[in-house]
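Please look over the sequence and the three-dimensional structure shown here, and then follow the paragraphs below from one element to the next.

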Amino acid sequence: MELQELANILKTVESESNSVNPNALIKGISFNSQEIQEGFLFIAIKGYQQDGHRFINNAIENGACGVIGEQEITDLSVPYFQVDNSRNALSIVSNHFYNYPTNEKIVIGVTGTNGKTSTSYLLRHILENNGLSCAFFGSTKNIINGESYPTVNTTPNLLEINRLLAGSRDEVVVIEVSSHALTQYRVEGIYFDYALFTNLSQDHLDYHGSMEEYFGAKKKLFEMLKDEGKAIINTDDLWGEQLARQLEDESIPTLAIGENEKCDVKLESYTTNPPSLQLKENNESILIKPLLYGLYNMYNIAMAYGTAKQIGVNTKGAIEAVQHFQGIEGRFALTELNNGATLVVDYAHTSDALMHCLKTVRDNCEGNLIHIFGYRGDRDPGKRRDMISISSEMSDRYILTFDDLNSVSPEEMKNTLISYQERYGNDKGIVITDRTLAIEEAVKMAEMGDWIVITGKGHEKYQQQYHYPVHNDEEAAIYLTKAKD
Ligand SMILES: CC(=O)N[C@H]1[C@@H](OP(=O)(O)OP(=O)(O)OC[C@H]2O[C@@H](n3ccc(=O)[nH]c3=O)[C@H](O)[C@@H]2O)O[C@H](CO)[C@@H](O)[C@@H]1O[C@H](C)C(=O)N[C@@H](C)C(=O)N[C@H](CCC(=O)O)C(=O)O
Ligand SMILES: Nc1ncnc2c1ncn2[C@@H]1O[C@H](COP(=O)(O)OP(=O)(O)OP(=O)(O)O)[C@@H](O)[C@H]1O
């Protein structure tokens, strides 16, 4: 891509500059001045922490051959292109630079508050087991040509997506699409073949302001469907039902998943212990015996199954694949501990997910349920009261502890935990701020047949250092039960 093409691509004009070579070939793109190399294009983004426009000179010193930004700037030594929205420009330019790699693939976006990762993994597993290679972008990792790559965000920006997809031989790409990504134009310019909506419940209101705005952000995904694309919606969720109605008004084809008789894939019945799911599709009854626990996973399965069928997977192949799916790291991950207790490590960090997780444990646990959880620093405080209410109601004992503190000081989070316990907790609960000491206490309390449930971090490594030298919840519980012997 040549520098002089940019004005056309971005529908803007180049500002006056002393530039020597407007025909220069752009060798790479970055929105981080520190990653700029000779011949790269720098895109200045006004972020939430810093303003990228402040780093334009730094980018030029590092070799930028051109700059895109939102501010009016006239005196740069390289061509400058002023745009209304730099994040959108990043998507537009990266699509041109990499020659629209998503155009070659069946593109599936999965959104919703909970269940994006679970549904996406299930779907990828069904497709891969039925001969369709599938790239994946999500909160745990990205997968291209079967190779895993680390990720910072649930949804990377289009520059990163395109960079990885440029070398992809996969026929399908499944992308977990967060509401942040939709408001930050991270997937702008992708046209989706299928867009999935799992559910919506309170989260991220610190960012979106209200549930209506949060829903509005999620809805953007369905405006990005191809003309022949299809929405796949859990209509048992109230927001899902609303979305389906709106899309019907807009004549966007929808596949409804739920318990209602009118649903295209109907959840006829299910048992959670042992797990089994009876679906009805085109008057045909389909029995699936998955390895996954929890009613919520029956919905995740129905969503993934319905999508795979749309893509052309046959019923038998889809059922077989679901039945062999082993689960996902950090999502209702079960371990039998040395002391005879069962450990569940789960990523639940909303009140809805917590309710589903603890309900699933209750369905399976005959002994006591000991729950350990915390509140993540810098994340929506509006969900905290419901989280403690659910835990204090559904568990036999609970321990409030640290989750990632992010920018919050240990003292402040300690006071928050004590205050929530005093105001909304009950006498089943205690506060032990050090997460590993909290797990040690739970291990001491637990007897044969009890379940210890640790939520919030799932597969993730600890951000802070704790008393015991372990890196995640599962490791901590195993280490501490061994230590108890
Ligand atoms: C609050 C937020 O969403 N931040 C996202 C945003 O970063 P930002 O633009 O605010 O970054 P910034 O630090 O202010 O920097 C502004 C600009 O200056 C540039 N800079 C900075 C320093 C320098 O020396 N030179 C330079 O050029 C930076 O590269 C950047 O372009 O854009 C980045 C690139 O796309 C994201 O990686 C980053 O996600 C951060 C890591 C994050 O934690 N986001 C969370 C809230 C998030 O997006 N979560 C959702 C999942 C939610 C869910 O659970 O469902 C997700 O999709 O991950
Ligand atoms: N369909 C669902 N409905 C409600 N809760 C769910 C559902 N699926 C999963 N959960 C709960 O939410 C937790 C996170 O699941 P998952 O990682 O699939 O969601 P996610 O939407 O990808 O979350 P995040 O965006 O935070 O990564 C699970 O560990 C489980 O407790």
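**A guided walk through the predicted model**

In helix α8, which covers residues 211–219, the residues Met211, Tyr214, Phe215, Ala217, Lys218 and Lys219 are buried, where buried means under 20% relative accessible area, exposed over 50%, and partly exposed in between, with a 1.4 Å probe and protein chains only. Helices (H or I, at least four residues) and strands (E, at least two) are DSSP runs, numbered from the N terminus. Among the elements that cover the buried residues of α8 are β5 (106–111), α4 (116–128), β10 (192–197) and α9 (238–249).

This is a predicted model, in which local features need pLDDT of at least 70 and side-chain atom pairs count only at pLDDT 80 or more, while totals for chains, interfaces and linings use all residues. Residues are numbered from 1 along each chain as its sequence is written, chains are lettered from A and ligands numbered from 1 in the order in which they are written, and side-chain values use heavy atoms, with hydrogens and water left out.

Turning to the sheet, eleven strands form an open arrangement in the order β8-β7-β6-β9-β5-β10-β11-β12-β13-β14-β15, with mixed pairing; two strands pair if DSSP finds at least two bridges between them. Because β8 (147–149) and β15 (284–288) stand at the edges with a single partner strand each, one side of each is left without a neighbour in the sheet. From one strand to the next the twist averages 20°, angles being taken from 0 to 180 degrees between N-to-C directions, with axes as lines fitted to C-alpha atoms, for helices over the stretch in contact.

Within this sheet, β12 (residues 254–258) and β13 (residues 265–272) run parallel and are joined by two bridges, and Ile257 stands opposite Val265 in β13. Seven bridges join β13 to β14 (residues 275–281) in the antiparallel sense, where Val265 stands opposite Glu281, and a hairpin through two residues joins β13 to β14. Helix α9 lies across β10, β11 (225–234) and β12, running at about 150° to β11.

Beyond its neighbours within four places in sequence, Leu405 is in contact (heavy atoms within 4.5 Å) with residues including Gly377, Asp378 and Met413.

Finally, the structure holds zero disulfides, a disulfide being a pair of cysteine sulfur atoms within 2.5 Å. The sulfur of Cys365 is 12 Å from the closest cysteine sulfur, in Cys357, which is too far for a bond.
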